[in-house]
Amino acid sequence: QLQACGGGAVQPGGSLRLSCAFLGRTFSRYSMGWYRQAPGNQRELVASITSGGITYYKDFVKGRFTISRDNAKNAVHLQMNSLKPEDTAVYYCNAGNHRGIYYSPYNIWGQGTQVTVSS
């Protein structure tokens, strides 16, 4: 139900844009989130966006990453700038909801896309 794309390899300081397509007709009802999982680590939330477009970021990406959504195209994006080696991970999009500022994921995941930041 979610298809992610846009990963790749980039040098430190570079940029990538991830996109996730929602295959369904109820996209605008969902909050959306981007998660990442590095080898040996748990999956962690990176950023989320409410159905109305309010955005939230984890401290480790604030000022570098931007989450956005296009309800007309059933898509959510993650613009990643000033990438660091520690951003290397598989990135997953997710559909969920917000309870106040807290994002709660549903069991609706994209397939994951690899982001590698290395010189």
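Biologist: With the side chain of which residue does the side chain of H77 make a polar contact of 3.5 Å?

Modeller: First, this is a predicted model, in which local features need pLDDT of at least 70 and side-chain atom pairs count only at pLDDT 80 or more, while totals for chains, interfaces and linings use all residues. Residues are numbered from 1 along each chain as its sequence is written, and side-chain values use heavy atoms, with hydrogens and water left out. A polar contact is a pair of N or O atoms within 3.5 Å; within protein, one must be able to donate a hydrogen and the other to accept it, and residues adjacent in sequence count only if both atoms are side-chain atoms. At 3.5 Å, the partner of H77 is R17.

Biologist: What is the distance of the polar contact between the side chains of H77 and S19?

Modeller: H77 lies in strand β8; strands (E, at least two residues) are DSSP runs, numbered from the N terminus. H77 touches S19, among others including W34 and I67, not counting residues up to four places away in sequence, where contact means heavy atoms within 4.5 Å. The polar contact between the side chains of H77 and S19 is at 2.8 Å.

Biologist: Is H77 buried or exposed?

Modeller: Buried means under 20% relative accessible area, exposed over 50%, and partly exposed in between, with a 1.4 Å probe and protein chains only. The value for H77 is 14%, so the residue counts as buried.

Biologist: How many bridges join β7 to β8?

Modeller: Strands of a sheet pair through backbone hydrogen bonds, either parallel or antiparallel. β7 and β8 (residues 75-80) run antiparallel, and F65 stands opposite M80 in β8. The number of bridges joining β7 to β8 is 6.

Biologist: Why is the pair of Y30 and Y106 edge-to-face?

Modeller: Rings of Phe, Tyr and Trp (its six-membered ring) pair if their centres lie within 6.5 Å; planes under 30 degrees apart count as stacked, over 60 as edge-to-face and the rest as tilted. The structure holds 6 aromatic pairs. In this one the ring centres of Y30 and Y106 are 6.0 Å apart, and the pair is edge-to-face because the planes are at 80°.

Biologist: How many residues apart are Y30 and Y106?

Modeller: Y30 is in the loop between β3 (16-22) and β4 (31-37), and Y106 is in strand β10 (residues 102-109). Y30 is buried at 17% relative accessibility, whereas Y106 is partly exposed at 35%. The pair links distant parts of the chain, with a separation of 76 residues.

Biologist: At what angle are the ring planes of Y35 and W109?

Modeller: Y35 in strand β4 and W109 in strand β10 are 74 residues apart. Y35 is buried at 8% relative accessibility, and W109 is partly exposed at 27%. Their ring centres are 5.0 Å apart, and the pair is edge-to-face because the planes are at 65°.

Biologist: The charged end of which residue sits over the ring of W109?

Modeller: A charge sits over a ring if NZ of Lys or CZ of Arg is within 6 Å of the ring centre and within 35 degrees of the ring normal. The ring of Y92 has the charged end of R43 over it, 3.7 Å from its centre. Over the ring of W109, 4.6 Å from its centre, sits the charged end of R43.

Key: Helices (H or I, at least four residues) and strands (E, at least two) are DSSP runs, numbered from the N terminus. Two strands pair if DSSP finds at least two bridges between them.
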